[in-house]
Amino acid sequence: KFAKLRMRPRLRAQCRARIASASRKRVCSRIAYVRARARRVSSADRTQLHPNIQTYTPPVMSPTTSLYRAMLRQARQMNQYNFKSYAVRRVREDFRKNAALAAADAADAAAKGQETLELLRRQQIVGNLFPAPPSVMEAQAAVAFEEVKEPR
């Protein structure tokens, strides 16, 4: 095509770049389509669909990690500042302390962690039933937030 056209070299290079970009887009969109289709089919059929494309499978969260995240989430939902900071600190310390336990001891620690999670849930319910006045830390944070909010 380019031999027939008498173009300046710079313009010829720009045309080649546009054509290469368009073909690259077609190839990329085809790969994305095949990957999306591979995600929709079962794992047994994936190799038949396209053997060279590997699909992404998300890592499975271990029960210990999910327990840790659930406990942190529950601890952060406490209403009072002191209880909240204490609960978050205890959860982190306990998991760091029990990180190197053997299998039998780890199972006992996980069971104790489940009990602690239930305790945190009950404590949050009780805290919601009997609200306390905001602590100094929460009051200062609210005032600082209002000061930042005013100049707008």
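## Salt bridges

E118 counts as partly exposed because its relative accessibility is 36%, where buried means under 20% relative accessible area, exposed means over 50%, and partly exposed lies in between (1.4 Å probe, protein chains only). E118 forms a salt bridge with R121, with 3.1 Å between the closest N and O atoms. A salt bridge is taken here as a side-chain nitrogen of Lys or Arg within 4 Å of a carboxyl oxygen of Asp or Glu. Both E118 and R121 belong to helix 5, 3 residues apart, about one turn of the helix. R121 is partly exposed, with a relative accessible area of 34%.

By this rule the protein has 2 salt bridges. In one of them the side chains of D94 and R90 meet at 3.5 Å, N to O. D94 and R90 are both in helix 4 and stand 4 residues apart, about one turn of the helix. D94 is partly exposed at 24% relative accessibility, and R90 is partly exposed at 37%.

## Basis of the values

The model is predicted: local features need pLDDT of at least 70, side-chain atom pairs count only at pLDDT 80 or more, and totals for chains, interfaces and linings use all residues. Residues are numbered from 1 along each chain as its sequence is written, and side-chain values use heavy atoms, with hydrogens and water left out.

## Overall composition

The protein has 6 helices and 0 strands, and its pattern along the sequence reads α-α-α-α-α-α. Helices (H or I, at least four residues) and strands (E, at least two) are DSSP runs, numbered from the N terminus.

Of the 152 residues in the protein, 12% are buried. The accessible surface of the protein is about 12800 Å², and carbon and sulfur atoms account for 56% of that surface. Accessible areas come from the Shrake-Rupley method with a 1.4 Å probe, and for residues only the protein chains shown count as cover. Among contacts with a separation of 6 or more, 50% are between residues 24 or more positions apart; contact means heavy atoms within 4.5 Å.

## The largest nonpolar core

Which residues make up the largest nonpolar core? The 11 residues are L67, A70, M71, L72, A75, M78, A87, V88, V91, L117 and L120. Helix 3 (63–76), helix 4 (81–97) and helix 5 are the elements that give two or more residues to this core. Helix 3 gives the most, with 5 residues. A nonpolar core is a set of buried Ala, Val, Leu, Ile, Met, Phe, Trp, Tyr and Cys residues joined through side-chain atoms within 4.5 Å. In soluble globular proteins, nonpolar side chains tend to be buried together.

L120 is in contact with M71, Q74, A75, M78, A87 and V91, leaving aside its neighbours within four places in sequence. A87, in helix 4, is buried, with a relative accessible area of 6%. With residues up to four places away in sequence not counted, A87 touches A75 and L120. The C-alpha atoms of A87 and R76 are 7.9 Å apart, and the two residues are separated by 11 residues along the chain.

Is Q74 buried or exposed? Q74, which is found in helix 3, counts as buried because its relative accessible area is 10%. The side chain of Q74 makes a polar contact of 2.3 Å with the side chain of Q124. A polar contact is a pair of N or O atoms within 3.5 Å; within protein, one must be able to donate a hydrogen and the other to accept it, and residues adjacent in sequence count only if both atoms are side-chain atoms.

Q124 lies in helix 5 and is also buried, with a relative accessible area of 15%. Leaving aside neighbours within four places in sequence, Q74 is in contact with L117, L120, R121 and Q124. On the same terms, Q124 touches Q74, Q77 and M78.

## A nonpolar surface patch

I125, V126, L129 and F130 make a nonpolar surface patch of about 440 Å². Patches are made of residues with over 30% relative accessible area and no salt bridge: like charges are joined within 9 Å, and nonpolar side chains (Val, Leu, Ile, Met, Phe, Trp, Tyr) within 5 Å. L129 is in helix 5 (residues 103–129) and counts as exposed because its relative accessibility is 58%.
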